[in-house]
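Me: I am new to this structure and would like to understand the terms used for it. Please set each value against its definition.

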Amino acid sequence: MRARPSITVVCAAALVFLGGCATTSDPDTASVPASVTEGKKDMPPPVEAIADDPAAPVSLTLDGVTAPTDPVATDASGTLLPPQDVSRLGWWVDSAMPGGGSGAIVVTGHVDDVDQGDGFAARFADVREGDELTVSTGDGRAREYRVDRLLSVGKEGNLPLDEINRLDGPETLLLVTCGGEFVGPPLGYANNDFVFAVPTGPVAEVPAP
């Protein structure tokens with residue numbers, strides 16, 4: 001039986017854990033806003049994965065805006081990177097499944113890119129407790145969640161790895177991206193930001209496009 005991968009890496013040089021903060025290699029640009037300095041050339045591609053369960057997430061809607069959500073996996077070092085297209089999000093295939101009733105459903109995205117502008121995950125910084133969001137799944141259902149906790153942790157601090165990696169306990173949608181001040185390479189942004197949301201309301205059918 002294959003052991004389930006876990007997320008272990010916080011940040012290694014320009015390779016950033018969970019939510020990918022691409023960093024510039026030019027130290028003279030360290031004081032320039034992130035939207036100017038973050039470039040796709042600095043974004044390592046995610047580890048692509050296949051989600052054969054129809055209950056897997058296919059999109060996430062926040063404040064009326066929807067982002068397609070792709071299955072992604074950790075690499076050999078335990079690093080999880082989102083899609084290079086900053087308008088998309090990545091769902092960690094070894095995390096919990098929406099509607100499964102337990103565990104953390106981990107979704108991550110890029111904040112921005114020099115060529116593409118702000119990413120969908122930039123919206124995570126404006127989320128507040130009580131806000132609602134929707135995860136649509138491949139089986140044509142929509143599952144509602146309500147934000148009940150926000151957390152910002154310095155990349156050199158202690159990340160909530162037990163919460164990120166858990167498959168037991170209450171079902172929780174966990175959104176992750178970079179945040180805080182842009183500090184330049186090798187960290188990019190100073191923090192990893194986390195949004196915790198709990199299920200609320202009945203499961204709804206997603207209307208056909």
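Reply: This is a predicted model, in which local features need pLDDT of at least 70, side-chain atom pairs count only at pLDDT 80 or more, and totals for chains, interfaces and linings use all residues. Residues are numbered from 1 along each chain as its sequence is written, and side-chain values use heavy atoms, with hydrogens and water left out.

Me: Why is the pair of F182 and Y189 called edge-to-face?

Reply: Rings of Phe, Tyr and Trp (its six-membered ring) pair if their centres lie within 6.5 Å, and planes under 30 degrees apart count as stacked, over 60 as edge-to-face and the rest as tilted. The centres of F182 and Y189 are 5.5 Å apart and their planes stand at 80 degrees, so the pair is edge-to-face.

Me: Why does Y189 count as buried?

Reply: Buried means under 20% relative accessible area, exposed over 50%, and partly exposed in between (1.4 Å probe, protein chains only). Y189 has 9% relative accessibility and therefore counts as buried, and F182, at 13%, counts as buried too.

Me: What makes R149 a charge that sits over the ring of F196?

Reply: The rule asks that NZ of Lys or CZ of Arg be within 6 Å of the ring centre and within 35 degrees of the ring normal. The charged end of R149 sits over the ring of F196, 4.4 Å from its centre.
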